[in-house]
Amino acid sequence: MWMIKNKLAIAISFILLVICMSIYFPFPNNEMIKARSTFMTFPIRNEEGYVFLGIFTSVLFVISLVLLQVGLKKYHFRTLVLVILAFALLPLALITIFQETFAEGIYAIKYDGNGNCNFEYMSEDLLNGECSLVLHNRSNESVSFQLDFIDSNFYGEDGIRMESLMNVAGPFHVTIEANRKESIHLKELLDVTGIPKHIDGGSSSNIHIKLTEGQRSRNL
């Protein structure tokens, strides 16, 4: 083709891009939940330290972009922008197609990540916890599962419990009908007696959750 200078470089570039996307494909779990620092969609550091697989994948991604530039005669910048956008958006499109066609059970559940929690101090051993989130069942059958809350990165790093305190009042069982969005609102009085590290109040957004259905589970 008139734009291509080196076909081998282009081919290797796209192979590396596919490998990078496969390693940290955001399904069925969100691999970025515990990330403290990231590059593109790759975790670089978490609460345990540096993530060497994430660093290695980041290096592969940069190499793939360099090879892409080497293999092209012109339109380097616009091609680079298009490839980066495609790399970021293509997984979301593939997940949507899968969930609306073949996915069953909790694999068909979509969470937009915009949930929030608020905790109000009541007494030394009591908190009033309130969480809201929206889940979308993309399948043609109803789905039932157990919902648990996962601590956010900020609090989980110090071992201080926040969102997971809601699990004291659990387990929460949820059923979402076919092809339906469900607004879930939970308000519970939480007995935190015996929990040594916990917040005394506060709020958080973009909360993380865990869905469990039999032997299957997903962290979102």
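Patches are built from residues with over 30% relative accessible area and no salt bridge, with like charges joined within 9 Å and nonpolar side chains (Val, Leu, Ile, Met, Phe, Trp, Tyr) joined within 5 Å. In this predicted model, local features need pLDDT of at least 70 and side-chain atom pairs count only at pLDDT 80 or more, while totals for chains, interfaces and linings use all residues. Residues are numbered from 1 along each chain as its sequence is written, and side-chain values use heavy atoms, with hydrogens and water left out.

**Overall architecture**

- The protein chain has four helices and 12 strands; helices (H or I, at least four residues) and strands (E, at least two) are DSSP runs numbered from the N terminus.
- Along the principal axes, the C-alpha atoms of the protein chain fill a box of roughly 70 × 40 × 30 Å.
- Of the 220 residues in the protein chain, 37% are buried; buried means under 20% relative accessible area, exposed over 50%, and partly exposed in between (1.4 Å probe, protein chains only).

**Surface charge**

- A patch of negative charge on the surface gathers E124, D125, D191 and D200.
- Asp and Glu count as negative and Lys and Arg as positive, whereas His and the chain ends are not counted.
- The place of a charge is taken as NZ of Lys, CZ of Arg, CG of Asp or CD of Glu.
- Accessible areas come from the Shrake-Rupley method with a 1.4 Å probe, and for residues only the protein chains shown count as cover.
- D191 belongs to strand β9 (residues 180-191), and D191 counts as partly exposed because its relative accessibility is 40%.

**Salt bridges**

- A salt bridge is a side-chain nitrogen of Lys or Arg within 4 Å of a carboxyl oxygen of Asp or Glu; by this rule there are three salt bridges.
- R138 and E100 form a salt bridge whose closest N and O atoms are 2.8 Å apart. R138 lies in the loop between β6 (126-137) and β7 and E100 in helix α3, so this pair ties together parts that are 38 residues apart in sequence.
- R138 counts as buried at 11% relative accessibility, whereas E100 counts as partly exposed at 48%.
- R180 and E182 form a salt bridge, with 3.5 Å between the closest N and O atoms; R180 is partly exposed, its relative accessible area being 41%.
- E213 and R216 form a salt bridge, with the closest N and O atoms 2.8 Å apart. E213 is partly exposed at 22% relative accessible area, and R216 counts as partly exposed at 31% relative accessibility.

**Aromatic contacts**

- Rings of Phe, Tyr and Trp (its six-membered ring) pair if their centres lie within 6.5 Å; planes under 30 degrees apart count as stacked, over 60 as edge-to-face and the rest as tilted. The count by this rule is nine aromatic pairs.
- F27 and Y107 make a tilted aromatic pair, 6.0 Å centre to centre with 55° between the planes. F27 lies in the loop between α1 (7-23) and β1 (35-39) and Y107 in the loop between α3 (76-101) and β4 (109-111), so the pair ties together parts that are 80 residues apart in sequence.
- F27 counts as buried at 18% relative accessibility, while Y107 counts as partly exposed at 23%.
- F149 and F172 make an edge-to-face aromatic pair, 6.1 Å centre to centre with 85° between the planes. F149 lies in strand β7 (residues 143-150) and F172 in strand β8 (residues 172-176), so the pair ties together parts that are 23 residues apart in sequence.
- Both F149 and F172 are buried.
- One aromatic cluster is formed by Y24, F39, F42, F61 and F87.
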